[in-house]
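Here are a few exercises to work through with the model open on your screen. Try each task before you read the solution under it.

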Amino acid sequence: MPSRLLDKFLKEFDWEKSLSSYKDERIKAYLLLAPAASVFDSSSLALISAPMHIMYSEGDKTLPPESHAIYVGQKVSHAQVTKVDQNASHYIFLNEVSDPGKKVLPSWIYEEHPMVNRERICNTVIEEAESFFVENLKS
């Protein structure tokens with residue numbers, strides 16, 4: 001978006017609605033995978049009372065954990081924060097990219113550090129998520 005259009009958008013945007021609460025009583029627990037802290041207001045994070053589990057990789061260069069996943073975990077004091085890998089990228093939580101997908105997507109989305117075991121990480125995420133939801137969504 002050209003700077004002039006962005007400036008116009010920011011000036012004309014109705015910020016009042018964006019400051020409203022978006023709490024949804026149907027949501028009883030949160031699972032966040034490499035969350036972007038910039039979409040949350042830090043004071044609103046402190047108001048979250050539902051259980052939260054945050055997973056991240058130390059190798060995430062897109063959203064560095066210290067300023068995103070770990071930061072959100074610190075603002076939601078009861079959040080469980082789990083590092084799933086030391087080297088995996090931000091995109092480790094996505095499905096493995098198909099051969100046709102590799103022809104159209106940039107390689108940094110699907111290529112991982114040689115030490116990364118995508119299958120192990122995905123299985124860890126599945127197990128952790130299942131355990132978290134079973135524990136926190138009891139009727």
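Predicted model: local features only at pLDDT ≥ 70, side-chain atom pairs only at ≥ 80, totals over all residues.

**Exercise 1.** Work out which residue pairs with D85, and which elements the pair ties together.

*Solution.* 
- Step 1: You'll find it in strand β3, which covers residues 80–85.
- Step 2: R120 forms a salt bridge with D85, and their closest N and O atoms are 2.7 Å apart.
- Step 3: R120 sits in helix α7 (residues 118–136), so the bridge links parts of the chain that are 35 residues apart in sequence.
- Step 4: compare the cover. D85 has a relative accessible area of 10% and is buried, whereas R120, at 38%, is partly exposed.
- Step 5: W108 is 23 residues away along the chain, and the two C-alpha atoms are 17 Å apart.

**Exercise 2.** How many salt bridges does the model have, and what does the one between D24 and R26 look like?

*Solution.* 
- Step 1: run the count, and it comes to five.
- Step 2: zoom in on D24 and R26. Their closest N and O atoms are 2.5 Å apart.
- Step 3: read off the accessibility. D24 is partly exposed at 22%, while R26 reaches 70% and is exposed.

**Exercise 3.** Which residues make up the nonpolar patch on the surface, and which helix gives the most to it?

*Solution.* 
- Step 1: pick out the members, which are L6, F9, L10, F13 and W15.
- Step 2: sort them by element. Helix α1 (residues 3–12) is the top contributor, with three residues.
- Step 3: take F13 on its own. This residue is in the loop between α1 and α2 (15–18). Patch members need over 30% relative accessible area, and F13 has 31%, so it is partly exposed.

**Exercise 4.** Describe the largest pocket: what is its volume, and what lines it?

*Solution.* 
- Step 1: get the volume, which is about 730 Å³.
- Step 2: go through the lining. There are 22 residues, and those closest to the pocket's centre are S21, Y22, K23, S44 and I48.
- Step 3: ask which elements give two or more residues to the lining. These are β1 (30–33) and α3 (42–45).
- Step 4: You get 12 nonpolar, five polar and five charged residues.

**Exercise 5.** Zoom out: which elements does the protein have, and in what order do they run?

*Solution.* 
- Step 1: tally them, giving seven helices and three strands.
- Step 2: walk from the N terminus, and the order reads α-α-β-α-β-α-β-α-α-α.
- Step 3: The C-alpha trace spans about 45 × 45 × 25 Å along its principal axes.
- Step 4: finish with burial. Of the 139 residues, 30% count as buried.

Conventions. Residues numbered from 1 in each chain as written. Heavy atoms only, no water. 1 Å grid on protein atoms, 1.4 Å probe; cavity = no way out; pocket = protein on both sides within 12 Å on 5 of 7 lines; lining within 4 Å. Points joined across faces, edges and corners; volume = space filled by probe spheres on them. Helix = DSSP H or I, 4+ residues; strand = E, 2+ residues; numbered from the N terminus. Nonpolar A, V, L, I, M, F, W, Y, C, P; charged D, E, K, R; others polar. Patch = residues over 30% accessible without salt bridge, like charges linked within 9 Å, V, L, I, M, F, W, Y side chains within 5 Å. Areas by Shrake-Rupley, 256 points an atom, 1.4 Å probe, with all protein chains shown as cover. Salt bridge = Lys/Arg side-chain N within 4 Å of Asp/Glu carboxyl O. Buried < 20%, exposed > 50% of the residue type's maximum accessible area, 1.4 Å probe, protein only.
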